[in-house]
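Visitor: Please take a close look at a single part of this structure and describe what lies around it.

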Amino acid sequence: MENNYIFDSEGLSEEALRRKHKLENDPSCRTDHMKYMEGQEQIKSDIREKVMAHFNSYDASAYTAKDVSRALQQATIGVEEFKALLSPAAEPFLEQMAERARVETRKHFGNTVYLFTPLYIANYCENYCVYCGFNCYNKIRRMKLNMEQIEHEMKVIADSGMEEILILTGESKAMSDVRYIGEACKLARKYFRMVGVEIYPVNVEDYRYLHECGVDYVTVFQETYDSDKYETLHLAGHKRVWPYRFEAQERALMGGMRGVAGSALLGLSDFRKDALATALHMYYLQRKYPQAEISLSCPRLRPIVNNDKIDPLDVREKQLCQVLCAYRLFLPFAGITVSSRESKSFRDGIVKIAATKISAGVSTGIGDHESKYTGKENAEEGDEQFEIADSRSFETMYKDMSDEGLQPVLNDYLYV
Amino acid sequence: MENNDKLIIGGHEFNSRFILGSGKYSLSLIKAAVENAGAEIITLAVRRANTKEHESILDHIPEGVTLLPNTSGARNAEEAVRIARLARELGCGNFVKIEIMRDTKYLLPDNAETIKATDILANEGFVVMPYMYPDLNTARDLVNAGAASVMPLASPIGSNKGLATRDFIQILIDEIDLPIIVDAGIGRPSQACEAMEMGAAAVMSNTALATAGDLPMMADAFRKAIEAGRQAYLSGLGRVLVRGASPSDTLTGFLRD
């Protein structure tokens, strides 16, 4: 089964529709997704080669119950053991994996769970990524907050008690350039202890600038590590360049960032191969930059505005749990974030096994925190990137986590 | 335990030889842990105390307990120094545990940077307790730099693997005239006891308690083990076992004058 991503929004001009259909139906009119665009910095790195060698040769179906059993007997889960744990043969071992994952999580993180909230400041986008609510051919309410509006949103969030924020934008350099994002981050430093960004990939010097603005963590999702599949999903815009995106975290570290996070968007392609590449990507980054704090996410496909049929397909909760347990056993020291794309019951369960960070008080829309937090009407709001599944407020989340026997942590970081 | 057996760090006297961590368990358990452990010193990460009003870790630490802020998150001496100064500004006192890690996987301390930070902070009047990889040369440099104690790791932090570096810690105990406090990797009371039998001045533990089924009960078990180990050390344990039973006819009985 495959998702049917393609739809035509109402209100698109004839010319726009013609261009859109051409991109969808005529691969020859698309740019080369492996070729860097002008202005995109190319760094020297062997990480991509290392990750892709494993990705290309990984056959999850080749592993047997015996391989999984042997893997679980090892004191250290290496790359080969990790591959076995990601395979379908490991599904019957899920409880055993969860037990061991829980022990590892407790050893490295105790019973702490970190809370954060994302803040979308603009949803303009220049890319046509067929599964994304922000894509440039999706007719949604677009908005870019000015500094005053951003500060207002930050105050509302900070008043709720939150101390860590993740600043997000759509991927439009024209509408939300690096300076704009940097200014927003400087404001964020006034209201929050820890600031991260999840924005379009930039060059080393831009990451350095953002670091100087107070940012220390950068998240970039590769969407899928299968570059051929990637080509069929990201039809236009600078995001189309797969290798430039792959090297984003490394450029961020070169620019002085303390930590990086990454993931594939599970459900777009073969999720087992994508999960393997996600973890290996972070693994090789940490080997090359040992001081880097690495973190993994695990987003699954979600319905979007104007297409409520998008589904994560074969990545059900059971498979997602398997992936997260395998991540924990392979990278016991890595942070694992589970977003509000997942349900309350899943998040309450997974923080006791493998996850270390969850979001609360989430909106993926623009400028709507006040209305969501206080019920106050706000006429000017931008549409959401995707539908969330867990809408718990900061306060509810703090209480729920405490009730689960966990210690919520709002900050464990210093900008030095 | 006799009252005159004090742990002295930077001129400060302590009766307890069990230093507690605070980072990996519920804040609501800190008080019970401190009481059951009989601890007089508790470590806390400065970065974790860097919080607004909502449940600061500092509010959960009982009065009278000496705070030992650590510089976790520092990647070099300069960052450690900045974090230590911030700790002082936050009202955490003069003690500082230097933790400098350039590796996020094993969290092994960087000895060279630790010496540099110790030098700077000791000169600024801090009571400096550096966390280090057990190396005699480094320990001597730390003494010269003004450290108040030396805190070698027993095994990788959080691993609960016990005294993997046993022989090297013994060398530090034998050669260094400062309290040697075994830090990181102690997973069981019996391992803490062994460290104390070896002559360690104190033991620091966090993960072993945090991962226990009943944290306050485990704190109590550690206290007893540490006290037993200390008593055994003071009573002169080990010499018979090390050298074997004495023969009735001594080997040197032929010596006349």
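**A core residue and the helices around the core**

Guide: Leaving aside residues up to four places away in sequence, A:L85 touches A:V68, A:A71, A:I77, A:A90, A:M97, A:A326 and A:L329; two residues are in contact if their C-beta atoms, placed from the backbone, lie within 7 Å. This is a predicted model, in which local features need pLDDT of at least 70, side-chain atom pairs count only at pLDDT 80 or more, and totals for chains, interfaces and linings use all residues. Residues are numbered from 1 along each chain as its sequence is written, while chains are lettered from A and ligands numbered from 1 in the order in which they are written.

A:L85 belongs to the largest nonpolar core, which has 212 residues. Such a core is a set of buried Ala, Val, Leu, Ile, Met, Phe, Trp, Tyr and Cys residues joined through C-beta atoms within 7 Å. A residue is buried if 20 or more other C-beta atoms lie within 10 Å of its own, exposed if 12 or fewer, and partly exposed in between. The members that touch the most others are A:L85, A:I167, A:A279, A:L324, B:A200 and B:V203. The largest share of this core, 10 residues, comes from α12(A). In soluble globular proteins, nonpolar side chains tend to be buried together.

Helices here are DSSP runs (H or I, at least four residues), as are strands (E, at least two), numbered from the N terminus. Helix α4 (residues 79–86) of chain A and helix α12 (residues 271–288) of chain A have axes that come within 10 Å and cross at roughly 150°. Axes are lines fitted to C-alpha atoms, for helices over the stretch in contact, and angles run from 0 to 180 degrees between N-to-C directions. α4(A) and α12(A) are therefore roughly antiparallel to each other; angles over 145 degrees count as such, under 35 as roughly parallel, 65 to 115 as roughly perpendicular and the rest as oblique. On the α4(A) side, the contact is made by A:F82, A:K83 and A:L86, and on the α12(A) side by A:R272, A:A275, A:L276 and A:A279. By class, this contact has five nonpolar, no polar and two charged residues. Ala, Val, Leu, Ile, Met, Phe, Trp, Tyr, Cys and Pro count as nonpolar, Asp, Glu, Lys and Arg as charged, and the others, Gly among them, as polar.

In chain B, helix α1 (residues 30–37) has B:I30, B:A33, B:V34, B:N36 and B:A37 buried. Their cover includes β3 (18–20), β4 (41–45), α8 (207–210) and α9 (215–234) of chain B.
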